[in-house]
Amino acid sequence: MRTIAENKCFGGVQGVYAHDSDACGCEMTFGLFLPREAEDRPVPLVWYLSGLTCTHENAMTKAGAQQWAAEFGLGVIFPDTSPRGEGVADDAAYDLGQGAGFYVNATEAPWAPHFRMWDYVADELPRLVTATFEVDDDRQSITGHSMGGHGALTLAMRLPGRFRAVSAFAPIANPTASDWGRKQFAAYLGPDESLWADHDATLRMRAVGFDGPMLVDQGAKDQFLNLLRPEALAEAMMARRQPGQFRMQPGYDHSYFFVSTFMGDHMAFHAEALHA
């Protein structure tokens, strides 16, 4: 692993690091904010998964998470959204290929050799981070925006006991019924739709739910509402009587202005679960 940058930030350190990934078969980059408390002891960690077209940098610089993380004594990690580099498959469309990994393990050509973002986020990167930095392996939670909200919700529901809480900003909530999902799952996972269900937050909520608290915020003026299908997840949460909140925020769109507005609420939500 190599250090790209480390900057003082709200009393802690915002770092950017790169490493060779076995899961993705290329160099991967991630951001990691550690609060001042990490100088003395392992700190709880919040995972932030980003959306389509993003790298590790978008949320790191736009979401405003560090201020709140410092206040609550939390680390925040910002993984990249896909493998990148020479020899890594790509597509001319913004919603497939590099920047659009969808947090799945691709099985189809030309994606299978590198697009193994599920293994990367669920296994490889957590092992690297807990072995290298002062973060608490037993106190972690997860959040994300859009495609990253989809990833956060599905990881939380498929890895019981891993995350104490899960939240999401405008998640792709029902991808098997949306062009933000069906296109990518067909490309990465193949035509057998039975293999897609594990990566659909609404279907996972109907099947198993989440073993902890959940918070979902959705902008009512989001320009992508028809692709996100938040109503499907809200109905599934209600049917399962999932502990948590689904909040429709009047006037907000899909941008980082929306994310940064409610970041304080989300970090307080995670802090309550992680410091319990």
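Rings of Phe, Tyr and Trp (its six-membered ring) count as a pair if their centres lie within 6.5 Å; planes under 30 degrees apart are stacked, over 60 edge-to-face, and the rest tilted. On that basis, searching the whole structure gives 13 aromatic pairs. This is a predicted model, where local features need pLDDT of at least 70 and side-chain atom pairs count only at pLDDT 80 or more, while totals for chains, interfaces and linings use all residues. Residues are numbered from 1 along each chain as its sequence is written, and side-chain values use heavy atoms, with hydrogens and water left out.

One of the pairs is Tyr17 with Phe30: the ring centres are 5.6 Å apart and the planes are at 40°, so the pair is tilted. Tyr17 is in strand β2 (residues 12-21) and Phe30 in strand β3 (residues 26-34), so the pair ties together parts 13 residues apart in sequence. Strands here are DSSP runs of E, at least two residues, and helices runs of H or I, at least four, numbered from the N terminus. Both Tyr17 and Phe30 are buried, meaning under 20% relative accessible area, with exposed over 50% and partly exposed in between (1.4 Å probe, protein chains only).

Next, Tyr48 and Phe78: centres 6.0 Å apart, planes at 50°, so this pair is tilted. Tyr48 lies in strand β4 (residues 43-49) and Phe78 in strand β5 (residues 75-79), so parts 30 residues apart in sequence are tied together. Tyr48 and Phe78 are both buried.

Elsewhere, ring pairs link Phe169, Tyr252, Phe258 and Phe262 into a cluster.

Now the helices. Helix α2 (residues 65-72) packs with helix α9 (residues 256-274) at about 30°, the axes being 9 Å apart; axes are lines fitted to C-alpha atoms over the stretch in contact, and angles run from 0 to 180 degrees between N-to-C directions.
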